[in-house]
Amino acid sequence: MMRLHIKNMVCPRCIAAVRALLIEHGLQVEEVNLGDATVQEPVSADQLSALATALKGMGFELLDDPRSQLVERLRLAVLEWVRMSGDRPRLSDYLSRLLAKDYSALSKLFSEVRGVTIERYAILHRVEYAKELLCYSQESTSEIAYTLGYSSPAHLSSQFKQVTGMTPKAFRQQAQHTRIPLDEI
């Protein structure tokens, strides 16, 4: 078996697209998850090159550098943390435990590679998730704040306004809602 690490997989459609691409390239797919895929047989250098090109054409990237792989795992872990329901651990504790690494080292690596701190990245994703909930649910701002693990609706409103320049209420009342694709954050 061989594991391939793939950047920018953020949803079930991404998983389906990568699975189809691997099958199209004649590989026996064992499993595809966010950020990686496992195939049953070793993949030759030529196959890897062809896969990298095909993946890039679909907006994905084949990761072969261990640092990039760890940053991608961090990115996906932040997405999971943002979408947790109910009580959630502190982000730093969650990431350290999940990846079995010191948080300060993870934070430094993430900032070097992505050009943004893990905390800022999490805030941007929480705000995008808040936008999604404001657009597609009837939940109040207070309920959304609780869903996203904010300490209060005021805390959500403050971060939302800092990122978007408007309050959650003003965003919800807009005729057209501007959202950022998750893989572009």
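User: What makes the charged end of Arg126 count as sitting over the ring of Tyr150?

Analyst: Keep in mind that this is a predicted model. The charged end of Arg126 is 3.9 Å from the centre of the Tyr150 ring. A charge sits over a ring if CZ of Arg is within 6 Å of the ring centre and within 35 degrees of the ring normal, so Arg126 gets the label. Arg88 also lies over a ring face, that of Trp81, at 5.2 Å from the ring centre.

User: Why is the pair of Phe160 and Phe171 called edge-to-face?

Analyst: Their ring centres are 5.6 Å apart and their planes stand at 70 degrees. Rings pair if their centres lie within 6.5 Å, and planes over 60 degrees apart count as edge-to-face, so that's the name here. By this rule there are two aromatic pairs.

User: What does the pair of Phe160 and Phe171 tie together?

Analyst: Phe160 lies in helix H8 (residues 153-164) and Phe171 in helix H9 (residues 168-173), so the pair links parts that are eleven residues apart in sequence. Both Phe160 and Phe171 are buried.

User: How do you know that strand E1 pairs with strand E3?

Analyst: Four bridges join E1 (residues 2-7) to E3 (residues 36-39). Two strands pair if there are at least two bridges between them, so E1 and E3 qualify. They run antiparallel, with Leu4 opposite Ala37 in E3.

User: What makes E2 and E4 edge strands?

Analyst: The open sheet has the order E2-E3-E1-E4. Strand E2 (29-33) and strand E4 (61-63) each pair on one side only.

How values were computed. Residues are numbered from 1 along each chain as its sequence is written. This is a predicted model: local features need pLDDT of at least 70, side-chain atom pairs count only at pLDDT 80 or more; totals for chains, interfaces and linings use all residues. Side-chain values use heavy atoms; hydrogens and water are left out. Helices (H or I, at least four residues) and strands (E, at least two) are DSSP runs, numbered from the N terminus. Rings of Phe, Tyr and Trp (its six-membered ring) pair if their centres lie within 6.5 Å; planes under 30 degrees apart count as stacked, over 60 as edge-to-face and the rest as tilted. Buried means under 20% relative accessible area, exposed over 50%, partly exposed in between (1.4 Å probe, protein chains only).
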